[in-house]
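Me: Can you walk me through this model? I'll ask as we go.
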Amino acid sequence: LRQNLVKLTADLDPIDIYDQLIEGGVFTFEDKERIDHEVTRADKARELISVLCHKGPRAFGVFRDALKPKYPH
């Protein structure tokens, strides 16, 4: 995640994957609210990555699967 931080913050819109992260048990609604307090889309993406990094080993797989439909590259 950290190696691709620039690309992720440039491309990712967190709203596209919130539902999958919550459904996958990785994020809570409180996490979503925390991220949504950021002003710009890039800052929201950066905060999403920050939160994700503290969610344990299973979180990356859920995140990767959430990205596939809208961000196939």
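Me: What do the side chains of K70 and D16 meet in?
Reply: A salt bridge, 3.9 Å from N to O. The term means a Lys or Arg side-chain nitrogen within 4 Å of an Asp or Glu carboxyl oxygen. K70 lies in the segment after helix 5 and D16 in the loop between helix 1 (5-11) and helix 2, so the pair ties together parts 54 residues apart in sequence. Helices are DSSP runs of H or I, at least four residues, numbered from the N terminus.

Me: What should I know about the source?
Reply: This is a predicted model, where local features need pLDDT of at least 70 and side-chain atom pairs 80 or more, while totals for chains, interfaces and linings use all residues. Residues are numbered from 1 along each chain as its sequence is written, and side-chain values use heavy atoms, without hydrogens and water.

Me: Is K70 buried or exposed?
Reply: Exposed, at 53% relative accessible area. D16 is partly exposed at 22%. Cut-offs: buried is under 20%, exposed over 50%, partly exposed in between (1.4 Å probe, protein chains only).

Me: How many salt bridges in the whole structure?
Reply: The search finds 7. One of them joins K55 and D31, with the closest N and O atoms 2.7 Å apart. K55 sits in the loop between helix 4 and helix 5, D31 in helix 3, 24 residues apart. D31 is buried at 10%, and K55 is partly exposed at 32%.

Me: Which residues form a network of salt bridges?
Reply: R64, D65 and K68.

Me: New topic. What does F27 touch?
Reply: L21, I22, I35, L48, V51, L52 and K55, leaving out residues up to four places away in sequence. Contact means heavy atoms within 4.5 Å.

How values were computed:
Helix = DSSP H or I, 4+ residues; strand = E, 2+ residues; numbered from the N terminus.
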